[in-house]
Amino acid sequence: MSAEVELQNVSIAFGNFYAAKNVNVKIGAGEFFSFLGPSGCGKTTLLRAVSGFLEPSQGKVLIDGQDMSGIGPNKRPTSLIFQNLALFPLMSVADNIAFSLEVRGHDKVQRRKRADELLDLVALNGQGDKKVHELSGGQKQRVAIARALAVEPKVLLLDEPLSALDLKLRQKMRTELRAIQQRVGITFIYITHDQGEALTMSDRVGVMNDGELEQVGSCYDVYEAPCTPFVATFVGENNAFYGKVEKVEGVKVKVQTGGSSFIGQAGLGLDKKNYKFKAGDEVIMFVRPEAISLKGNSKKTQNSFSAEVKTIEFEGNLKNIFLRSAEDVDIRFSVPSSSDTSGMEPSKNVSLSFSQDNAVVLPTGALALD
Ligand SMILES: Nc1ncnc2c1ncn2[C@@H]1O[C@H](COP(=O)(O)OP(=O)(O)O)[C@@H](O)[C@H]1O
Ligand SMILES: [Mg+2]
């Protein structure tokens, strides 16, 4: 059984500081939804309001349409996995998992049966008698998930549960978590500052900045059609060309940036309609590193410019090339490692281009900090 979760105009204040500002979102029953944003943007605070450890200062949390005001954490159909897992290290795995069932008066046999079922679910069959401190980081993670599922919640809340694991294990656990979510079929609300995690696991993502929910959409939407400069630069890498609108033709926008003019597409606003620009508007044109290529097979729809190579960074599957354009804009683009970059030594000038279709024009606004 899964439940729908709705936040209606939720604001949360600590003194006169607002950690969450007028957040509105409806998360579907059975959905894997992630709140994604930098550290300190209010993710944990929001999750605590859903779980009942914190009451919103304004607005409401509804679960399956029912107002949760005044209903404590133990009375809600939610279960929360804390960032530090909070397992009992000296207790056995099975006792950790069944702990909440003991509190609820289930007998020993029932508890063990349920613990064994949950151990199967998280791929830890036969590990119930081990002590928690004997387990690896990834196994502890699974125990925490099993324990949270023991109370049969309709909504599982996960607060950056993978942040303590190393990269390989984190990547493996992403796939695992998604599979567990699909097996149990309940709503998962996941919070993370890691865009890779959010994009690989979620049905939809809500991008948060400074207590506000800036954009909610599919992973594809927030990557391909960011509504704000913050979302454009927080989710994945982006090159930002600041400039002024020269001309508008339908959704095509010609932008004067430094000495060059580039054509791009007006980005989509939160209402899913293209921004309406006029000549003279201050804008930022965003171009993803993978959308830039060495000029050569230049087509009509290409914007081109020249830039000086600064450094080349090897990243296994990719090479990242950092350049400075004639207009003093820092540019980054990436090519597969197998690409020939022999003509690109530092301080050389190269010609680059990108398609008009891959350039998103947005109103100016703050970028995500690097
Ligand atoms: N109990 C509290 N009292 C005062 N300020 C708090 C409290 N909890 C969180 N904050 C502040 O609210 C902001 C958001 O915190 P948090 O929700 O933990 O962010 P995140 O989980 O996104 O890193 C931070 O500036 C934090 O310092
Ligand atoms: Mg947090």
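**Conventions.** This is a predicted model, in which local features require pLDDT of at least 70 and side-chain atom pairs count only at pLDDT 80 or more, while totals for chains, interfaces and linings use all residues. Residues are numbered from 1 along each chain as its sequence is written, and chains are lettered from A and ligands numbered from 1 in the order in which they are written.

**Whole chain.** Begin with the C-alpha atoms of the protein chain, which fill a box of roughly 75 × 45 × 35 Å along the principal axes. Colouring by secondary structure shows 8 helices and 20 strands; these are DSSP runs numbered from the N terminus, with helices being H or I of at least four residues and strands E of at least two. Of the 370 residues, 38% are buried, a term that requires 20 or more other C-beta atoms within 10 Å of the residue's own, with C-beta atoms placed from the backbone (12 or fewer is exposed, and in between is partly exposed). Among contacts with a separation of 6 or more, 67% join residues 24 or more positions apart; a contact requires C-beta atoms, placed from the backbone, within 7 Å.

**Two domains.** Next, colour domain 1 (5–224) and domain 2 (229–363) separately; these bounds come from an automatic or database domain assignment. Their C-alpha centres lie 37 Å apart. The contact draws 7 residues from domain 1 and 6 residues from domain 2. On the domain 1 side, strand 9 (204–209), strand 10 (212–217) and helix 7 (219–224) each give two or more residues. That side divides into 3 nonpolar, 3 polar and 1 charged residues; Ala, Val, Leu, Ile, Met, Phe, Trp, Tyr, Cys and Pro count as nonpolar, Asp, Glu, Lys and Arg as charged, and the others, Gly among them, as polar.

**Strands 9 and 10.** Select this hairpin now. Strand 9 runs antiparallel to strand 10 and is joined to it by 5 bridges; pairing requires at least two DSSP bridges. V205 stands opposite G217 in strand 10. Between the strands are 2 residues, and D210 takes a positive phi near 55 degrees in this hairpin.

**Nonpolar core.** Select I97, A146, L157, I189, M285 and V361, which have the most contacts inside the largest nonpolar core, a set of 94 residues. Such a core consists of buried Ala, Val, Leu, Ile, Met, Phe, Trp, Tyr and Cys residues joined through C-beta atoms within 7 Å. Helix 4 (residues 137–149) supplies the largest share, 6 residues. Because domain 1 (5–224) and domain 2 (229–363) both contribute residues, this core lies between them. Centre on I97: beyond four places in sequence, I97 touches A115, L118, V143, A146, R147 and A150.

**Ligand 1.** Display F14, A19, G37, S39, G40, C41, G42, K43, T44 and T45, which surround ligand 1, each having a C-beta atom, placed from the backbone, within 6 Å of it. By class, this shell has 3 nonpolar, 6 polar and 1 charged residues. Helix 1 (residues 43–51) gives the most to the shell, with 3 residues.

Finish at the 4 strands ordered 2-1-4-5, an open sheet with antiparallel pairing. Strand 2 (17–27) and strand 5 (66–67) stand at the edges with a single partner strand each, so one side of each has no neighbour in the sheet. Strand 4 (residues 58–63) pairs with strand 5 over 2 bridges, and L62 stands opposite D67 in strand 5.

Technical notes. Contact = placed C-beta atoms within 7 Å.
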